[in-house]
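Q: I have a structure open and want to learn how to read it. Can we go through some features one at a time?

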Amino acid sequence: MTIPDETRATAAGALATVARTRREVTAALDRVAAAGAGAWDGRAAQLWAGRMRHLAAEATALLDRCLLVCEQARSGPSAASTAPGAPPRAIG
Amino acid sequence: MASLGAGVHLAAVALPPGPGVGGDRVVFDPVRLRPLAAAVRAAGEALHSGARTVAHALAQVGGPAGWAARLARLGDELDADAAMLRRRLALAEGADDAGRSLVATAVVILPAVHRAPALLDVRPVLDTGAIAKGETEVVPGTARAGAAALAAGRPAGRATARSLLSGSGAPSASLQEALDRLGARADDPDFIAGFYDALGPAGLAQLLTIVSGRARGPMVNRPAPPSGVDRRDAEGVLGRTFAAYTRGRSLDDSWLGRFNTRGRLDHAETVLLTPLLAAGRVDGALLDRLGRLAFGPGIGPPEPGAPPTAAAAPRGPTPAPAPAPGRVVGTVLSATADRGYRGALLAAIAAEPALAARFATRYVEAVLGGAAIAELGLPVAVGLDDATGRAWSGLIAAAGGLAARRADPLGSADFVARLAGAVNAADGSALPLHLRAALVPALRTYREEMYDAVTAVVPGPVSPPTAAPAAREVPVAGWPALLRECLRGGTLAGLLGLDAAAYAIGLDERVAGRTRGWNTGAGGYPSSPRTLGYLRGARAQAFFTGALGDAADAVLREHAQAGSAHRRRQAVILDLLGTVATSIDPTDPTDPAATFVHLGVGITVDMVEALVRERYRDVSTARPAWILARLREASRVGSQWAATYEASARLLWARRAGDPLRPITVTGSDGRRRVYTGDPHADGYITGPATDFLDAAGNPRPAAAMTPAQRGAYLAWLESPALVANNDRLPILAGAAALGEARIPPDEALRPNG
């Protein structure tokens with residue numbers, strides 16, 4: 001089965017967009033982690049920091065899954081196989 | 001109170017435990033917190049724009065749309081966190097490290113909330129979209145108030161609070177403005193709700209700290225920076241509006257847990273509420289909550305007849321078991337710090353009739369115990385201090401009052417039963433005068449029940465009860481103890497005496513009203529159908545004079561004991577001094593006994609002893625003893641009288657075959673003529689098996705074996721006109737009651753005109 005070039009180009013553009021988004025979000029979350037160290041202390045701060053880590057991990061995992069979907073769309077027609085219930089996979 | 005173990009409670013809600021009590025403290029670095037808040041906000045924005053981009057990209061490749069929505073939700077969370085951080089920043093800058101000044105006054109709260117978001121305090125207090133949704137359900141009348149009020153009142157209140165929170169460092173200008181706006185709209189519940197919702201518990205604590213001019217920071221003795229507002233006015237405005245707010249909102253433990261200036265989630269700096277408690281009527285459920293925090297759970301069921309607001313509030317994981325009485329005494333006694341707050345709290349509870357009795361019931365034993373210990377005057381600080389003791393007395397007086405009975409009949413009856421039991425158990429311990437005076441309202445509110453109980457021909461509960469259920473359960477021994485201990489204080493003894501006379505007169509009038517025209521027919525009844533009423537009235541007054549005599553007796557005994565103890569102590573001291581003095585001889589160190597013997601040390605001791613004796617001579621007990629003897633004479637209508645009457649009535653009934661009872665026709669209080677035959681069936685006292693007090697042979701069973709319903713019917717039958725009028729022994733009984741040295745019936749002696 002031949003994949004039309006137009007679709008490939010769209011997928012490549014989406015992949016680039018998502019990759020850029022991932023970089024921006026990761027950088028923003030890194031800045032939060034850096035600014036959080038020493039700004040406040042105590043149990044509430046610890047709990048909050050833990051929650052931030054979870055939040056960052058979830059956002060990154062989500063974007064990773066988006067990247068995977070885009071990559072698969074670019075490389076082949078098996079994009080539909082990554083259904084929403086698929087386990088997250090870290091890449092890159 | 002602060003030592004209850006701060007770290008335990010947070011661990012109990014499945015959150016990672018901190019490194020200990022020290023780890024609970026939140027330390028802010030405003031210089032670093034500001035970039036953090038900015039970074040969080042930037043990250044939120046990045047997630048929002050990323051979500052839009054990703055949604056577009058995934059749509060192009062046919063990916064799932066839910067991921068982008070999830071990213072947007074994460075962005076929402078970050079936005080909320082940014083708002084929370086900005087608020088904390090504003091508080092931190094205004095607080096100037098407020099944490100250290102109020103450590104001793106904070107109360108550890110059991111966080112009753114299991115939801116992590118509430119504990120994490122991430123709910124955006126200033127971004128009240130979520131709260132506004134709930135408000136229409138919580139504040140009564142808001143739903144009907146319409147969108148106009150919501151649009152006008154609530155956001156305006158929020159904006160006012162926000163202007164306070166955003167002001168950093170020197171809030172005086174905006175504080176005065178905000179208070180003016182709040183005062184001007186004190187009648188607008190929407191404005192108030194918006195204001196306090198936006199302010200939040202932590203913001204309110206901060207505001208109260210500033211207004212009260214408390215010193216903040218490590219050097220608590222330095223003068224606080226001037227708040228720029230008139231403290232009294234500000235507290236008045238805040239008190240009135242906060243009281244209105246508490247009545248519209250159910251402020252639960254999670255709210256109280258955040259009510260502090262340290263950013264903690266499990267401490268309530270309740271002492272900050274002191275000025276507010278006096279300024280307005282705070283909601284009863286919140287007062288109850290504060291009372292439990294301040295004085296512990298008390299004794300008894302956790303919340304007997306609690307209002308639905310308190311019952312619906314979130315509870316702790318497991319209800320604490322009722323502590324032993326000694327521990328509760330400890331809890332009440334440990335209330336030495338923050339006397340002003342505790343006094344204000346107790347006064348506020350006393351002013352809430354629906355709460356006073358129910359609240360006081362839980363602590364009455366502990367208060368009596370604590371007050372008695374304090375009255376011993378021990379040299380160490382145990383027992384209730386004077387101010388707290390007086391505040392408790394005020395609460396006990398309010399709990400026994402008429403208003404409390406009207407507002408909460410069951411709670412009031414519970415309270416009086418518990419109070420009588422506690423006083424009876426204390427058995428003449430030394431109670432302070434103000435506490436004795438506080439017993440007066442309970443005795444006056446329940447005077448009918450008390451005298452009904454002590455003058456009843458047959459003791460024991462009756463049904464249908466003429467009084468509230470629990471009050472009838474006051475053991476008959478409880479009433480004289482309560483009356484005696486009250487009279488020992490002397491306060492309002494005359495009023496209580498008038499009550500006894502008024503009861504007798506009222507009873508007399510009631511009986512006369514029930515038996516009008518009894519003598520219009522052919523006469524010849526052995527006695528008047530009103531004789532029993534007269535005897536019961538005399539018994540009521542004899543009961544009072546008996547209690548008065550006991551009280552006077554106790555006071556005299558106490559006086560004598562105190563005097564002899566004092567004399568003994570003096571004698572011992574003088575003896576010791578004399579011994580020491582005789583062992584010294586300044587002229588000859590080698591022979592101490594030489595000169596002082598001649599100086600007459602013994603005479604000196606004698607002289608001092610004579611002085612002591614002289615001092616106590618002026619307190620004569622002759623007149624009190626004489627009065628006491630007269631009282632004893634007046635109270636001769638003993639309790640045996642009732643048993644004698646009951647026996648004679650039974651005899652009358654048993655001989656009805658040979659000596660038939662003569663029917664009597666009277667006009668009742670309803671104006672109808674009615675014939676009483678003396679037969680309990682015919683006269684309508686026995687209406688079925690439930691009220692049938694006769695045995696198989698047709699004679700009354702022993703009163704103790706009757707059910708309350710049967711006993712009630714039996715009592716009514718014993719007091720019925722036919723049975724009283726046909727009783728040929730009553731004149732003798734009445735004569736015996738009037739006999740004695742005084743030669744006057746006791747009720748005449750005590751009647752106001754008598």
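Q: Which residues form a nonpolar patch on the surface?
A: First, a caution: this is a predicted model. The patch is made of Leu492(B), Leu495(B) and Leu498(B). Together they have about 230 Å² of accessible area.

Q: Where is Leu492(B) found?
A: Look at the loop between helix 24 (478–489) and helix 25 (493–514) of chain B. Leu492(B) sits in that loop.

Q: Does Leu492(B) count as buried, partly exposed or exposed?
A: Buried means under 20% relative accessible area, and exposed means over 50%. Leu492(B) has 42% relative accessibility, so it counts as partly exposed.

Q: Are Tyr196(B) and Phe242(B) buried or exposed?
A: Tyr196(B) is buried, and Phe242(B) is buried too. For another pair, turn to Trp518(B) and Tyr525(B). Their pair is tilted, with 6.2 Å centre to centre and 55 degrees between the planes. Trp518(B) and Tyr525(B) are both buried.

Q: Which residues do ring pairs link into a cluster?
A: The cluster holds Phe195(B), Tyr196(B), Phe242(B), Tyr245(B), Trp255(B) and Phe259(B).

Q: Which residue lies over the face of Trp67(B)?
A: Arg65(A) does, at 5.1 Å from the ring centre. Note the chain letters: the arginine is in chain A and the ring in chain B. Within chain B, Arg656(B) lies over the face of Trp653(B), at 3.9 Å from the ring centre.

Q: Why do residues three or four places apart in an α-helix point the same way?
A: An α-helix has 3.6 residues a turn, so such residues point the same way. Now the case: Glu235(B) and Arg231(B) both lie in helix 9 of chain B, four residues apart. That is about one turn of the helix. Glu235(B) counts as buried at 12% relative accessibility, whereas Arg231(B) counts as partly exposed at 44%.

Q: Which distant parts of the chain does the pair of Asp288(B) and Arg358(B) link?
A: Start with the salt bridge itself: the closest N and O atoms of Asp288(B) and Arg358(B) are 3.7 Å apart. Asp288(B) is in helix 12 (residues 284–295) of chain B and Arg358(B) in helix 16 (residues 353–375) of chain B, 70 residues apart. Asp288(B) is buried, with a relative accessible area of 3%. Arg358(B) counts as buried as well, at 8% relative accessibility.

Q: Which residue does Arg536(B) meet in a salt bridge?
A: Arg536(B) meets Asp452(B), at 3.6 Å from N to O. Arg536(B) lies in helix 26 (residues 531–582) of chain B and Asp452(B) in helix 22 (residues 447–455) of chain B, so the pair ties together parts that are 84 residues apart in sequence. Both Arg536(B) and Asp452(B) are buried. Salt bridges can also share partners: Asp288(B), Arg292(B), Arg358(B) and Arg362(B) are joined that way into one network.

Q: How many bridges join strand 4 to strand 5 of chain B?
A: Four bridges join strand 4 (residues 664–667) to strand 5 (residues 673–676), and the two run antiparallel. Across the pair, Thr667(B) stands opposite Arg673(B). The hairpin has five residues between the strands, and Gly671(B) takes a positive phi near 90 degrees there.

Q: Is helix 31 of chain B mostly covered or mostly open?
A: Mostly covered: eight of its 11 residues are buried. Among them are Gln710(B), Tyr714(B) and Trp717(B).

Technical notes. Residues are numbered from 1 along each chain as its sequence is written. Chains are lettered from A and ligands numbered from 1 in the order in which they are written. This is a predicted model: local features need pLDDT of at least 70, side-chain atom pairs count only at pLDDT 80 or more; totals for chains, interfaces and linings use all residues. Side-chain values use heavy atoms; hydrogens and water are left out. Buried means under 20% relative accessible area, exposed over 50%, partly exposed in between (1.4 Å probe, protein chains only). Rings of Phe, Tyr and Trp (its six-membered ring) pair if their centres lie within 6.5 Å; planes under 30 degrees apart count as stacked, over 60 as edge-to-face and the rest as tilted. A charge sits over a ring if NZ of Lys or CZ of Arg is within 6 Å of the ring centre and within 35 degrees of the ring normal. Patches are made of residues with over 30% relative accessible area and no salt bridge: like charges are joined within 9 Å, nonpolar side chains (Val, Leu, Ile, Met, Phe, Trp, Tyr) within 5 Å. Accessible areas come from the Shrake-Rupley method with a 1.4 Å probe; for residues, only the protein chains shown count as cover. A salt bridge is a side-chain nitrogen of Lys or Arg within 4 Å of a carboxyl oxygen of Asp or Glu. Two strands pair if DSSP finds at least two bridges between them.
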